[in-house]
Amino acid sequence: MRLIVFLFLLNSFFGFSNTIEVCSSCAVSTITEGVALAVDGDTVLVKSGIYKEHNIGVDKEIYLLGEDNPVVDGEYKGYVFILNANNFTLEGFTIQNVEQSYTKDYSAVRVLSSKYFTIKNNILKNVFFGFMIEKSKFGLITGNTVSSHAKEEASSGNGIHIWHCSDMRIEKNHLSHLRDGLYFEFVSESFISNNTSENNLRYGLHFMFSNNNEYHHNEFRDNGAGVAVMFSKFIIMHHNTFHFNWGTASYGLLLKEIYDAEIHHNYFEQNTIGINIDGCTRMNYQNNHFVRNGWAIKFTGGCYSNVFNYNNFMSNSFNLSYNSRINDNKFEANYWSDYTGYDLDRDGIGDVPYRPVKLFSYVVNQTPETIILLRSLFVDLINFSEKVSPIFTPEGLVDEKPIMHEIHDKY
Amino acid sequence: MKNIFLSIVFLLIILPSCKVEPTPIGYGQDHCHFCDMTVVDKSHAAQYTTKKGKSYSFDAIECMARQLINDNSEEKMEFIQVANFAEPGNLIDARTATFLVSDKIKSPMGENLSAFNDAKIAQKHLEEFGGKLYTWAEIKAKLSK
């Protein structure tokens, strides 16, 4: 027994892993040198200071730890870290000044063909691309702050760009002043949660060709065009907040060619268009809140079998805009703040069906400039006449059971 | 007489503005006519201009090719232009360009497709990045599959 304890202690004192300290006055004064000395399982501890290094290649299973936020300055020369290893951790660094390029996606941290890695609590400033993760699996990216000074979309990069990966977790990051905050391209089985993406030039979050992913509890604010989810299947989006995406072609959420998605408990506030739906099929929208948007929902392409239940539509200029006379989408049991019907049997469900499409929204679709007439008496008149005898709006596009009171449901 | 003179002057002013010309792409403002994404990538953007003079921008060459294939509308176009990868922001005629599909050069819509004005420069990129060279007709054939 004693022997075992002794061996255990021996192991903990003279363990197999070493710590290599890096600081300006240490024997090892650069990170590159520290990484070169390390073997699998070692810790490279970088003390605070400024390290002017770029293209730091890491191909070992090591723990790169920054103490008191050491600054790694790329001096606008290529990448800063290039990691190509399994089981590594990169933690606690401030990485800044990454080169811009039209042809190469220079990034502060580039991860290539890696598995089981963690990147946490780093601060990335003035970057071109922040994290560029390629062909990797089982990665966790958490607690990072990425920002840049993007002024022009063409000369700026994305915060977290994930390409051809699977099983990734992106949590609690803050992304601002980039082109796209988060970009998923050919990514599957991944989770995005509790991130904030704001003031980005293009999209807060951008999904392309990425199936079977889930994003929840994120906040997307003041982005150029909101969030875009395109050409993907089986995406679950819930408990996200999309707000203040204002502009002529701006929206909270753009859905393009999406199939079998679940969208529930999201909050859409003050966007020009809450959700722009284009070519989406078999989608469920439940318990979402649409508050003070220009258009809460705008259908722009062939959309089939979309179901809307228990959503709150409050004070939107248009609740719904529709582009065709055929309807295969179902609206039932939603709360519409401009519903003027009554509930004589007091079961909480309005006795008169609600028609969410106003005739004027067709006029605006055809001639956008007519929007200045929005609050005029004439427009109220044509909307009213259409409501009484529908001619232009699709016959079946009604909520047969509009709910009388706002749905109080935690979003 | 004076009236005739004035109307000739007026016509001279009016006529040149009827010429069909491509409208410069508003990077960061224009939306792709095919996929609705904001056009940002100066090295992969594309644009066609109809014979009537209306220009449509695309965020990627593959988007424009797909739109042309879907509408079968290539004959209606006065200009079909693609970004020159070697010279970002500069548009060249798609019908005479050389195209490179290479895994190492990502394009906005996932086809890894870029265009070059000069076949020699395209060859140079092919040697550096790998992949395969195509002509405009071949690209359309590849994308219409």
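**Two antiparallel sheets in chain B**

Strand S5 (residues 98-101) of chain B and S6(B) run antiparallel and are joined by four bridges; here strands (E, at least two residues) and helices (H or I, at least four) are DSSP runs numbered from the N terminus, and two strands pair if DSSP finds at least two bridges between them. Within S6(B), Ser114(B) stands opposite Leu100(B). The model is a predicted one, in which local features need pLDDT of at least 70 and side-chain atom pairs count only at pLDDT 80 or more, while totals for chains, interfaces and linings use all residues. Residues are numbered from 1 along each chain as its sequence is written, with chains lettered from A and ligands numbered from 1 in the order in which they are written.

The strands belong to an open, antiparallel sheet of three, ordered S6-S5-S7 in chain B. Strand S6 (113-116) and strand S7 (132-134) of chain B are at the edges with a single partner strand each, so one side of each has no neighbour in the sheet. Helix H3 (residues 119-129) of chain B packs on this sheet and touches S5, S6 and S7 of chain B (contact: C-beta atoms, placed from the backbone, within 7 Å). The direction of H3 makes about 10 degrees with that of S5(B); axes are lines fitted to C-alpha atoms, for helices over the stretch in contact, and angles run from 0 to 180 degrees between N-to-C directions.

A further open sheet has four strands in the order S2-S1-S3-S4 (chain B), again with antiparallel pairing. Its edge strands, S2 (55-58) and S4 (91-93) of chain B, each pair on one side only.

Methods:
Contact = placed C-beta atoms within 7 Å.
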